[in-house]
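Dear colleague,

I am handing over the structure below, and I would be grateful if you could look through it alongside my notes.

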Amino acid sequence: MSATKAKILFVDDEPSILKGFKLNLGRKYEVFVAESGGEGLRILEEDGPFEVIVSDFSMPGMNGADFLEKVREQNKEVVTMLLTGQANFDDLCEVVRRGEIFRLLGKPCSPETLDKNLQQALRQFQLISAEKELLEKTLNGAIGAMTSLLSAANPLFFGRAQRVKILARDIAKEMRIAHEWRLEVASDFCYLGYLTLPAISQQKVYDGEQLSDDVKQVVAGFPKFVSDLLEDIPRLGKIRKIIELIQVDYRPSEDDYAEEHKIASIIRLAQEYDHWDTKALTKSEIFEKLREIESMFLPGSLDALANTRELSGGFMEANQVSPTELKPGMRLMEELRLSDGKMLAPLGSMVSFSFVQMVHSHIAALGDSVFPESIEVLA
């Protein structure tokens, strides 16, 4: 461990027990205490994140298992332990499984035994953190680089993927739904199937135009196509499930993929918003359309979207810039086309590093006249 003390939250409805935790462990750890599950959630929001959370099982109102399950909804990395005075531990096996609880300890628990288990919990936290960093910085980074290049080569759907990813991430953050790296990767990968369509069909699907029955059937099969494509890549099982569920209307679920249902619905809402946003509708017009189909989405997600768009406001004022002045983070307010009419990016596209590189490569090979003199952007 580093010189910084590990942050640990103890939740118990007996003040004397909490006092003992602070007295016996306060010098070694940064100890926070709460006398109820509700107070624990408040402290988690105000003072978190924590490396380890230890909760008593038998508490009035919200018991320890329910509390730790709510904790898990907000933070997938924290390591949790449950203290219980109940003699029959077998009855708590399902509680431990459902809440992904690291360890179940009996009460009373000596300071020495508790400290030993805390040390093991902290090692578990370090393993989880290291794995997350590996996945985020390697897998997610590699996927991000790949999709940025695909966005430059096939701007319609991979430009949309970048915008949807940002919007879905904002909605999940507003709703305090832990999604780790899965939301971003699923947002990128879910458009892979559209690469198999001819360009004319891609444009029709992107614009939401009427499709032939044959094309509709092909598009409906894309989630399974992408899921099968990812089957042999380790650690992407939940990503595949999210992609399979994106076009499914949200229904509350208690199965092993309950979180994936939520993430998939958030991505679908972001897709719907982006579809109408690229048609230059006002925010009020977009939300009027989304309210008509609100029952399709995760409850509360449309309100979260409204808050996110209001809070972020998105960008600054519109400006006209030359193509050579494009910078990552800008958003195109009109299509960018070459002099021969070929579209490089649709309205609403986010400018990425690879997109800037593509623009400069075109200018170096074909000259300044390959692009219009200026393009409108939000920056």
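The notes below go through what was found in it.

This is a predicted model, in which local features need pLDDT of at least 70 and side-chain atom pairs count only at pLDDT 80 or more, while totals for chains, interfaces and linings use all residues. Residues are numbered from 1 along each chain as its sequence is written, and side-chain values use heavy atoms, with hydrogens and water left out.

In helix H2, residues 37–47 (helices are DSSP runs of H or I with at least four residues, strands runs of E with at least two, numbered from the N terminus), the buried residues are Gly37, Gly40, Leu41, Ile43 and Leu44 (buried means under 20% relative accessible area, exposed over 50%, partly exposed in between, with a 1.4 Å probe and protein chains only). Seen down the axis of H2, these residues fall within an arc of 160 degrees, taken from the directions from the axis to the C-beta atoms, so they line one face of the helix.

The loop between H2 and S3 holds Pro49, and the peptide bond from Gly48 to Pro49 is cis, with omega near 5 degrees. A cis peptide bond also joins Lys107 and Pro108, with omega about 0 degrees, and Pro108 is found in the loop between strand S5 (103–106) and helix H5 (111–153).

Arg176, in the loop between helix H6 (155–174) and helix H7 (182–189), has a positive phi of about 55 degrees although it is not a glycine; at 48% relative accessibility, Arg176 counts as partly exposed.

Best regards
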